[in-house]
Amino acid sequence: MSFLELKREVYEANMELEKRNLVTYTFGNVSQVDRRLGVIGIKPSGVPYEDLKVEDIVIVDLENQIVEGRLRPSSDTKTHTYLYRQWQSIGGITHTHSTYATAWAQAQIAIPCLGTTQADYVYGEIPCTAVMRDDQISRDYEEETGVQILDCFADRNPSESPMVIVAGHAPFTWGDSAAKSVYHAVLLEEIARMAYLTKTLSPSITPLKQELIDKHYLRKHGKDAYYGQNSITSKK
């Protein structure tokens, strides 16, 4: 069985992280799931981006067993597979330590929705998980990171916030493909930077009013969305 196309898509998504300046050295990884085959492709652990090749992408099943590959998969693999098992709607996951998003993670603060730029992509704040408990740290740390994220979304829809800040750690983003998860990682870093600058200029600023959040989010993602070209119906 050939996994070449899956490997190629995962490789290209990983290289996009470097192109967008979201990774330093080896600080990041992207994966994509093939639900039909029950496997994911993911970046190998500790391989510099300048050395990465399509054939280096590791194929792993959803129980973390290597199916194909000569290298060890990312150390974050169990976080990825946990989320894929829990959220059937997602197809790709990105993890970075991008500067501004990670600063919010280290501050252990959710990113409030301060403007319409964020509201265009996230329905409200970008949540921050709880700090990982000691018993979780002593168990399977990477899988427990997935548990952290899932707990944070107990009352949230992951499609309405395709990104999260893991307290004391760094961000994760997701989408229907590896490429889309990287897209969300790029957006998250820019939103995190804007929010930091806004809070610096006006520390007492409050979140955007709900009516504006609703308008901007729903015009792109609601049932009557009209942003972009997909909503145009041709008439003859």
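The following legends describe close-up views of a predicted model.

**Figure 1. The seven-stranded sheet.** In this view, seven strands form an open sheet with antiparallel pairing, in the order β4-β3-β2-β1-β5-β7-β6.

**Figure 2. Pairing of strands β1 and β2.** Strand β1 covers residues 28-34 and strand β2 covers residues 39-42. The two strands run antiparallel and are joined by four bridges. Within this pairing, Gln32 stands opposite Gly41 in β2.

Figure 3. Side chains of opposite charge can pair when their charged atoms come close. Here the side chains of Arg193 and Glu190 meet in a salt bridge, with a distance of 2.8 Å from N to O. Both residues belong to helix α7 (residues 178-201), and because they are three residues apart in this helix, about one helical turn separates them. Arg193 has a relative accessibility of 34% and counts as partly exposed. Glu190, at 33% relative accessibility, also counts as partly exposed.

**Figure 4. Further salt bridges.** The model contains 13 salt bridges, including those shown in this view. The side chain of Arg20 meets that of Glu16 in a salt bridge of 2.8 Å, N to O. Arg20 is partly exposed, at 45% relative accessibility, and Glu16 is partly exposed as well, with a relative accessible area of 25%. Another salt bridge, of 3.1 Å from N to O, links the side chains of Asp224 and Lys223; both of these residues are exposed. A network of salt bridges connects Arg133, Asp135, Arg139 and Glu144.

**Figure 5. The largest pocket.** The space in the largest pocket amounts to about 360 Å³. Its lining consists of 13 residues, and those nearest its centre are Tyr121, Lys180, His184, Lys220 and His221. Sorted by class, the lining of the largest pocket comprises six nonpolar, five polar and two charged residues.

**Figure 6. The second largest pocket.** About 160 Å³ of space lies in this pocket. The residues that line the second largest pocket are Ser89, Ile90, Pro158, Ser159, Pro162, Trp174, Gly175, Asp176, Lys180 and His184. At least two lining residues come from each of β7 and α7. The classes represented are four nonpolar, four polar and two charged residues. Lys180 and His184, which line this pocket, are also among the residues nearest the centre of the largest pocket.

Figure 7. The structure has one cavity of 30 Å³ or more, and the space in the largest cavity is about 40 Å³. The lining of the largest cavity is formed by Leu22, Thr94, His95, Thr96, Ser98, Pro171, Thr173, Ala185 and Leu188. At least two of the lining residues are supplied by each of β5 (92-96), β7 (171-175) and α7. The greatest contribution comes from β5, with three residues. By class, four lining residues are nonpolar, five are polar and none is charged.

Key: Residues numbered from 1 in each chain as written. Predicted model: local features only at pLDDT ≥ 70, side-chain atom pairs only at ≥ 80, totals over all residues. Heavy atoms only, no water. Salt bridge = Lys/Arg side-chain N within 4 Å of Asp/Glu carboxyl O. Buried < 20%, exposed > 50% of the residue type's maximum accessible area, 1.4 Å probe, protein only. 1 Å grid on protein atoms, 1.4 Å probe; cavity = no way out; pocket = protein on both sides within 12 Å on 5 of 7 lines; lining within 4 Å. Points joined across faces, edges and corners; volume = space filled by probe spheres on them. Nonpolar A, V, L, I, M, F, W, Y, C, P; charged D, E, K, R; others polar. Pairing = 2+ DSSP bridges.
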